[in-house]
Amino acid sequence: MRRASFLSIASGTAAAAVLRPGSAAFAAERARRLVPVNVALENVTRTTVGLRPYRDAGFVLRAEALGAKTVVHNYGHGGGGMSLSWGCAIIASELALQTEKRRAAVLGSGVIGLSMARVLQDRGFDVTIYARDVPPDTTSNKSGAQWSPTSVFSSTDVTDAFRAQYSRAAELAYARYQTLLGDAYGVRWIENYDCRDELARAFLDNPALTPIRHLYPAVHQFGPGEHPFPTRYATRFLTMLIEPNRYLRRLQDDYLERGGRLVVREFHAAADVSALDEPLIVNCTGLGAAALFGDPALEPVRGQLSVLAPQPAVDYITLGPRGYMFPRSDGIVLGGTFEHGATSLLPDEATVSRMVANHRTFFSGMRKT
Ligand SMILES: Cc1cc2nc3c(=O)[nH]c(=O)nc-3n(C[C@H](O)[C@H](O)[C@H](O)COP(=O)(O)OP(=O)(O)OC[C@H]3O[C@@H](n4cnc5c(N)ncnc54)[C@H](O)[C@@H]3O)c2cc1C
């Protein structure tokens with residue numbers, strides 16, 4: 001699925017579990033009281049830019065020989081790497097366990113590398129991470145981050161085998177994140193409201209979500225007058241919300257506390273990797289894998305976030321054509337841009353103004369309940 005600028009969700013068939021207007025159960029519920037977000041340009045505390053490591057054919061999870069070494073690849077998770085991290089790490093660890101090698105070099109220290117390293121430690125591997133950038137300077141730190149493995153592949157470019165692997169990774173990750181709920185890791189359940197005038201383009205009806213639709217619980221569709229938003233419809237469901245900075249710091253601490261080593265180092269060619277001591281290499285270099293291991297299918301999808309000063313009373317997510325709003329403890333995150341092939345890491349001021357203006361119009365139109 002191609003997305004040029006603001007979040008847009010492909011249309012598709014209605015998901016069976018959604019309550020539709022007119023049904024008895026539909027009329028039985030009203031949206032609870034929701035505090036509107038105070039959106040103003042002068043409340044923006046920072047704007048960040050990250051490049052999602054995206055492949056139309058989906059992420060790469062496979063093993064190959066590199067001379068006498070084995071390389072297990074785990075990269076290319078697009079807009080869903082925070083969500084998929086644990087699942088892909090568990091599947092990659094199964095590939096690693098098929099070898100006799102128990103000393104591993106994990107390349108990369110974003111969410112994929114850190115989760116990979118933790119899973120390998122738990123399976124008895126001796127692990128060293130090698131990375132050019134470490135938190136808070138990774139793409140993973142620039143994520144939203146809602147538990148929602150979306151914008152990960154193009155529906156027309158993936159095989160059935162990939163779809164099965166994607167679903168398994170999502171299910172494994174969904175289960176693992178639920179063991180991390182709470183302040184220590186900065187992971188919590190949160191209500192989402194997908195607010196739009198046309199049901200045909202609803203978030204949950206995105207065909208890419210069909211195999212994992214059951215991982216979005218507590219769905220309810222509110223019709224006109226049944227919710228406070230200035231749109232005809234609002235579909236509520238639950239996801240987890242991850243606080244990337246707190247979460248990645250904690251993951252890194254967990255890894256180091258278990259005896260993991262972290263070496264800051266950049267690799268310029270596969271030959272540098274072959275020269276490492278460790279017989280097993282796990283490639284979690286995200287976008288870096290394009291140059292390091294020669295994958296022309298990997299492309300950046302640029303995403304820009306503007307963060308408003310925190311508003312603790314706001315305890316719900318909104319999604320829709322204007323983009324998304326995630327209420328994190330470090331600020332109210334406004335995002336939802338997807339620019340294929342763009343590589344600039346400089347914030348685009350016109351996008352900041354547009355994102356703020358669109359959300360300001362939306363939240364100032366909210367009915368006070
Ligand atoms: C704006 C935005 C919003 C997002 N929102 C969400 C969301 O809500 N939910 C979600 O699930 N995902 C989200 N994502 C996607 C998610 O951030 C990525 O899928 C994920 O961060 C990829 O993780 P990674 O570890 O592969 O990459 P990175 O975090 O980029 O880590 C790569 C690591 O490899 C290292 N490396 C690369 N090349 C080399 C080299 N040559 N030598 C040595 N080290 C190297 C880097 O230094 C780094 O340590 C979002 C992304 C963006 C940009």
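Start by selecting strand E1 (44-54), helix H2 (81-97), helix H3 (111-122) and strand E11 (299-308): each supplies at least two residues of the shell around the ligand. Helices (H or I, at least four residues) and strands (E, at least two) are DSSP runs, numbered from the N terminus. The model is a predicted one, so local features need pLDDT of at least 70 and side-chain atom pairs count only at pLDDT 80 or more, while totals for chains, interfaces and linings use all residues. Residues are numbered from 1 along each chain as its sequence is written.

Now show the whole shell. The ligand is surrounded by 42 residues, a residue being near if its C-beta atom, placed from the backbone, lies within 6 Å of the molecule. Gly50, Gly81, Gly110, Gly288 and Gly303 are the closest. Coloured by class, the shell has 23 polar, 14 nonpolar and 5 charged residues. Ala, Val, Leu, Ile, Met, Phe, Trp, Tyr, Cys and Pro count as nonpolar, Asp, Glu, Lys and Arg as charged, and the others, Gly among them, as polar.

On the H3 side, select Val111, Leu114, Ser115, Ala117, Arg118 and Gln121, which meet Leu248, Leu251, Gln252, Asp254 and Tyr255 in H5. Contact here puts the C-beta atoms of two residues, placed from the backbone, within 7 Å. This contact has 6 nonpolar, 3 polar and 2 charged residues.

Next, go to the open sheet of 6 strands, with the order E2-E3-E10-E4-E5-E9 and mixed pairing. Two strands pair if DSSP finds at least two bridges between them. At the edges are strand E2 (60-66) and strand E9 (261-264), each with a single partner strand, so one side of each has no neighbour in the sheet. E2 and strand E3 (residues 69-75) run antiparallel, joined by 7 bridges. Pick out Ala63, whose bridge partner in E3 is Val72. H2 packs on this sheet, touching E2, E3, strand E4 (103-107) and strand E10 (280-283).

Finish at Thr231, in the loop between strand E7 (220-222) and strand E8 (233-242). Is Thr231 buried or exposed? Thr231 counts as buried because it has 20 C-beta neighbours inside 10 Å; the cut-offs are 20 or more for buried, 12 or fewer for exposed, and partly exposed in between. Leaving aside neighbours within four places in sequence, Thr231 is in contact with Cys195, Arg196, Asp197 and Gly320.

Definitions and conventions. Axes fitted to C-alpha atoms, helices over the stretch in contact; angles between N-to-C directions.
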